[in-house]
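Could you walk me through this model in the viewer, one selection at a time? I would like to know what to click on next and what I will find there.

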Amino acid sequence: MLQRFLGYVLFIPFIVFYSYVLGPVLKAVLLPGGLAILFFILGPEAFFSHWRKARSSQSDIAVTNNIPG
């Protein structure tokens, strides 16, 4: 019983810290960093071309229903 209680006392603060503090900080650092790396790898023209394609509407993609019957 005491071991389980100590486990919760140690575990729950780390989960809360990761979920509400470290998670958003990592997202704020890693997402722009990953985009910057792609920018340097692809070059500005290709990067912005792919960025515009990703942000555009997906009306040019044909969706088919392949359910038989």
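Start with a cartoon view of this predicted model: the protein has 2 helices and 0 strands. Of the 69 residues, buried ones make up 4%.

Now select residues 2-42, which form helix H1. At 1.5 Å a residue, these 41 residues should span 60 Å, and the end C-alpha atoms lie 56 Å apart, so the two values agree. Follow H1 along to Tyr-18, where a kink of about 40° is centred.

Next, move to the residue after H1: Gly-43, which has a positive phi, near 90°. Beyond that, select residues 44-55 to bring up helix H2.

Time for the side chains. How many aromatic pairs does a search of the whole structure find? The search turns up 5. To see one of them, show Phe-39 and Phe-47: their ring centres are 5.5 Å apart and the planes meet at 85°, over the 60 degrees cut-off, so this pair is edge-to-face.

Is Phe-47 buried or exposed? At 10% relative accessibility, Phe-47 counts as buried. Phe-39, at 27%, is partly exposed, and Trp-51 is also partly exposed, with a relative accessible area of 39%.

Ring pairs link Phe-39, Phe-40, Phe-47, Phe-48 and Trp-51 into a cluster.

Terms used. Residues are numbered from 1 along each chain as its sequence is written. This is a predicted model: local features need pLDDT of at least 70, side-chain atom pairs count only at pLDDT 80 or more; totals for chains, interfaces and linings use all residues. Side-chain values use heavy atoms; hydrogens and water are left out. Helices (H or I, at least four residues) and strands (E, at least two) are DSSP runs, numbered from the N terminus. The expected span of a helix is 1.5 Å times one less than its number of residues. The bend at a residue is the angle between axes fitted to the seven residues ending there and the seven starting there. Rings of Phe, Tyr and Trp (its six-membered ring) pair if their centres lie within 6.5 Å; planes under 30 degrees apart count as stacked, over 60 as edge-to-face and the rest as tilted. Buried means under 20% relative accessible area, exposed over 50%, partly exposed in between (1.4 Å probe, protein chains only).
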